[in-house]
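Okay, thanks for coming, everyone.

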Amino acid sequence: NEADYLGGGIAIDYSDMTLTNVVINGNSAAGGGGLYAKYDSPVLNNVKIINNTALHYGGGIYFEYSTY
């Protein structure tokens, strides 16, 4: 997957999401190639984030205004 801006694989905005047994692989974006989360704190259980890229920041994960 590819996003022009944020969250190539998964983009979460204002949502407390739980991800379980997920592989986020081979995505790209300007920021948060694999996972982008804004104003939230997702729970990640057995999540593999591999081979993701970002043009500017957070190739795997980019948390913006989150509690991490």
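So, to start us off: what percentage of the 68 residues in the protein chain do the buried residues make up? It's 34%. And just so we're clear, what you're looking at is a predicted model.

Let's do the overall picture. The C-alpha trace spans about 25 × 25 × 15 Å along its principal axes.

Okay, strand pairing. Look at β4, residues 35–38. Strand β1, residues 10–13, runs parallel to β4, and four bridges join them. In that pairing, Asp-13 stands opposite Lys-38. Then β4 is also joined to β7, residues 61–64, by four bridges, and that pair is parallel too. There you'll find Ala-37 opposite Phe-63.

Next, a residue I like: Asn-52. Where does Asn-52 lie? In the loop between β5 and β6. Asn-52 has a relative accessible area of 12%, and since the cut-off for buried is under 20%, it counts as buried. What is its side chain up to? A polar atom of that side chain lies 2.9 Å from the backbone nitrogen of Asn-27, and one lies 2.8 Å from the backbone oxygen of Ile-50. Leaving out residues up to four places away in sequence, Asn-52 touches several glycines, including Gly-26, Gly-33, Gly-34, Gly-59 and Gly-60. Ile-24, Asn-25 and Asn-27 are also among the residues Asn-52 touches.

Speaking of glycines, have a look at Gly-31, which sits in strand β3. Gly-31 counts as buried, at 0% relative accessibility. Setting aside neighbours within four places in sequence, Gly-31 is in contact with Tyr-5, Leu-6, Gly-7, Ala-54, Tyr-57, Gly-58 and Tyr-62. Gly-31 and Thr-53 are 22 residues apart in sequence, with their C-alphas 8.4 Å apart in space.

Last topic, the rings. How many aromatic pairs does the count come to? Four. In one of them, the rings of Tyr-36 and Tyr-62 have their centres 5.7 Å apart and their planes at 35°, so that pair is tilted. This pair links distant parts of the chain, with Tyr-36 in strand β4 and Tyr-62 in strand β7, 26 residues apart. Tyr-36 is buried at 6% relative accessibility, whereas Tyr-62 is partly exposed at 21%.

Then there's Tyr-39 with Tyr-65: ring centres 4.9 Å apart, planes at 10°, so this pair is stacked. Again we're linking distant parts of the chain: Tyr-39 is in the loop between β4 and β5, and Tyr-65 is in the segment after β7, 26 residues away. Are these two buried or exposed? Tyr-39 is partly exposed at 38% relative accessibility, and Tyr-65 is exposed, with a relative accessible area of 54%. Ring pairs also bring in Tyr-14, which forms a cluster with Tyr-39 and Tyr-65.

That's my tour, thanks.

Technical notes: Residues are numbered from 1 along each chain as its sequence is written. This is a predicted model: local features need pLDDT of at least 70, side-chain atom pairs count only at pLDDT 80 or more; totals for chains, interfaces and linings use all residues. Side-chain values use heavy atoms; hydrogens and water are left out. Two strands pair if DSSP finds at least two bridges between them. Helices (H or I, at least four residues) and strands (E, at least two) are DSSP runs, numbered from the N terminus. Buried means under 20% relative accessible area, exposed over 50%, partly exposed in between (1.4 Å probe, protein chains only). A polar contact is a pair of N or O atoms within 3.5 Å; within protein, one must be able to donate a hydrogen and the other to accept it, and residues adjacent in sequence count only if both atoms are side-chain atoms. Contact means heavy atoms within 4.5 Å. Rings of Phe, Tyr and Trp (its six-membered ring) pair if their centres lie within 6.5 Å; planes under 30 degrees apart count as stacked, over 60 as edge-to-face and the rest as tilted.
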